[in-house]
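Here's a walk through a protein fold, written for someone who likes to know the cut-offs behind each term. Have the viewer open and follow along.

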Amino acid sequence: MIEKQRMTEYVMDLIKIDSLSRREREVGLKLRKDIEEIGAKCFFDDAGKIVQGNIGNLIAKIRGNEPDSNPILLSAHMDTVEPGEGIKPQIKDGIIKSDGTTILGSDDKSGLAIIVEVLRTLKEKNTPHGDIEIAFTICEEIGLLGAKHIDISNLRSKDGIVLDSGSPSSSPASLVTKCPSAEKLEFIVHGLEAHAGVCPERGMNAIKIASEAIANMKLGRIDAETTANIGIIEGGLAINIVPNYAHIKGEARSHSEEKLRAQIEHMRKCFHDAVARYEITLEGRTYIAKVEETIDRSYEKMDVSNESKVVKLINQAVKNLGINLKTRASGGGCDANYFNKKGIECVNLGTGMKEIHTVNEYLALEEFYQAADILLETIRLNALISPASH
Ligand SMILES: [Zn+2]
């Protein structure tokens with residue numbers, strides 16, 4: 001059994017260390033020191049240089065006392081979102097929350113603390129386990145950048161567990177096995193500049209054109225698998241100038257590639273149809289409105305089968321513990337998207353974090369402890385299965 005008190009104190013310590021994206025160095029050094037004491041061999045990879053952060057992903061290996069068992073990857077991310085500096089965590093009525101002026105950062109300090117507590121317990125209780133590989137990643141919150149740039153040749157695991165999700169309700173425990181693919185979209189609408197008071201008829205208002213495009217666009221929840229958003233709009237120089245330029249940024253996500261393609265085509269068509277309605281001729285010369293577009297894949301979807309080895313292991317673990325677990329799809333991406341893409345079959349176990357990315361974020365302690373129990377039992381079970389048996 002895990003030590004709840006120690007684990008609670010540990011997550012409080014981690015929460016108090018500022019670690020915005022690209023600034024994970026301090027928390028990374030603490031984690032390295034703490035898991036080296038448990039016997040881990042650690043290094044920081046080069047991902048930090050690639051993304052211009054102040055440290056890389058912390059990669060660690062712990063030798064198993066059952067060396068024939070399959071290695072397993074455990075992962076959580078070290079960075080937090082804003083406002084996330086000077087966090088003052090408070091424990092009350094079975095939850096940890098901030099003082100209300102910042103996020104809490106249980107996303108994902110709870111995942112880090114669960115992994116460290118499980119490693120400590122494995123060692124102290126001499127529980128059977130195979131080799132364990134750790135990836136404490138950077139820059140998850142700004143596009144899964146640490147996981148994106150991780151050098152997979154440093155890892156042997158074919159199965160993994162990311163601890164970086166929460167569910168709205170407390171029971172049953174939750175396991176995310178499906179996350180969507182996501183695309184970033186940028187549109188630049190070009191109109192024609194003119195004096196807004198003297199000769200507005202000589203202009204084409206790029207903000208109006210963009211607005212027509214967006215007004216015709218299906219956004220928000222498109223269907224059970226698909227979402228879309230326009231999140232940023234910029235343009236115009238002054239109130240007395242008909243603007244010749246509007247810059248729009250958005251995204252679309254879906255668990256279905258086909259639906260994602262259809263949504264992106266729809267969003268593009270709205271812009272193309274809007275600009276096609278604008279054209280003026282001045283002194284014999286014709287001007288047409290135009291749109292430039294950039295569409296980039298943010299990350300690939302993950303879709304881990306309930307028949308996969310890692311899901312079956314976790315299901316057996318919760319059964320042994322008498323816990324109900326629900327596998328579910330998430331609308332968000334996570335580092336597991338990249339691990340799956342790189343060939344490690346990886347799921348995302350809930351840690352008890354709630355209302356993340358808001359100042360109301362909190363950590364439900366019973367779920368937090370339960371996640372550690374599930375992880376510990378999963379690792380023990382993994383050691384009982386010899387590689388020859390599957
Ligand atoms: Zn997270």
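First, the ground rules. This is a predicted model, so to speak of a local feature needs pLDDT of at least 70, and side-chain atom pairs count only at pLDDT 80 or more, while totals for chains, interfaces and linings use all residues. Residues are numbered from 1 along each chain as its sequence is written.

Now the overall picture. The protein has 10 helices and 22 strands; these are DSSP runs numbered from the N terminus, with helices being H or I of at least four residues and strands E of at least two. Along the principal axes, the C-alpha atoms fill a box of roughly 85 × 45 × 40 Å. Of the 390 residues, 47% count as buried. Here, buried means that 20 or more other C-beta atoms lie within 10 Å of a residue's own, exposed means 12 or fewer, and partly exposed is in between, with C-beta atoms placed from the backbone. Take the contacts with a separation of 6 or more: 76% of them are between residues 24 or more positions apart. A contact is a pair of residues whose C-beta atoms, placed from the backbone, lie within 7 Å.

Let's turn to a sheet. Five strands form an open sheet in the order S11-S12-S14-S9-S17, with antiparallel pairing; two strands pair if DSSP finds at least two bridges between them. Strand S11 (220-223) and strand S17 (290-299) sit at the edges with a single partner strand each, so one side of each has no neighbour in the sheet. From one strand to the next, the twist averages 20°.

You can trace the pairings one by one. Strand S9 (residues 181-190) pairs with S17 over 9 bridges in the antiparallel sense, and Glu186 has Thr294 in S17 as its bridge partner. S9 is also joined to S14 by 10 bridges, again antiparallel, and here His190 is partnered with Tyr245 in S14. S12 and S14 run antiparallel too, joined by 9 bridges, with Gly235 opposite Ala246 in S14.

Helix H6 (residues 206-215) lies across S9, strand S12 (226-235) and strand S14 (245-254), running at about 20° to S14. Helix H7 (residues 257-276) touches S9, S11, S12, S14 and S17, and its direction makes about 5° with that of S9. For these angles, axes are lines fitted to C-alpha atoms (for helices, over the stretch in contact), and values run from 0 to 180 degrees between N-to-C directions.

Next, look at strand S6 (residues 132-137). All 6 of its 6 residues are buried, so S6 is largely enclosed by the rest of the structure. In a regular strand the side chains alternate between the two faces of the sheet. On one side of S6 are Ile132, Ile134 and Phe136, on the other Glu133, Ala135 and Thr137, and both faces are covered. Strand S2 (residues 58-62) runs antiparallel to S6, joined to it by 5 bridges, and Lys61 has Glu133 as its bridge partner. Strand S3 (residues 72-77), by contrast, pairs with S6 in the parallel sense over 6 bridges, with Ala76 partnered with Phe136.

Now for helix H8. Its buried residues are Val310, Leu313, Ile314, Ala317 and Val318. Seen down the axis of H8, these fall within an arc of 130° (taken over the directions from the helix axis to the C-beta atoms), so they line one face of the helix. They pack against several elements, including strand S7 (159-165), strand S20 (345-350) and helix H10 (365-384). Just after H8, Gly322 takes a positive phi of about 70°.

What about the cores? A nonpolar core is a set of buried Ala, Val, Leu, Ile, Met, Phe, Trp, Tyr and Cys residues joined through C-beta atoms within 7 Å. The largest has 80 residues, among which Ile115, Ile134 and Leu375 touch the most other members. Beyond its neighbours within four places in sequence, Leu375 is in contact with Ile114, Val118, Ile161 and Leu349. A second, separate core of 21 residues includes Val189, Met204, Leu260 and Val275.

Last stop: Glu355, in the loop between strand S21 (353-354) and strand S22 (362-364). Glu355 is partly exposed, with 16 other C-beta atoms within 10 Å. Glu355 and Pro168 are 187 residues apart in sequence, yet 7.8 Å apart in space, C-alpha to C-alpha.

Terms used. Contact = placed C-beta atoms within 7 Å.
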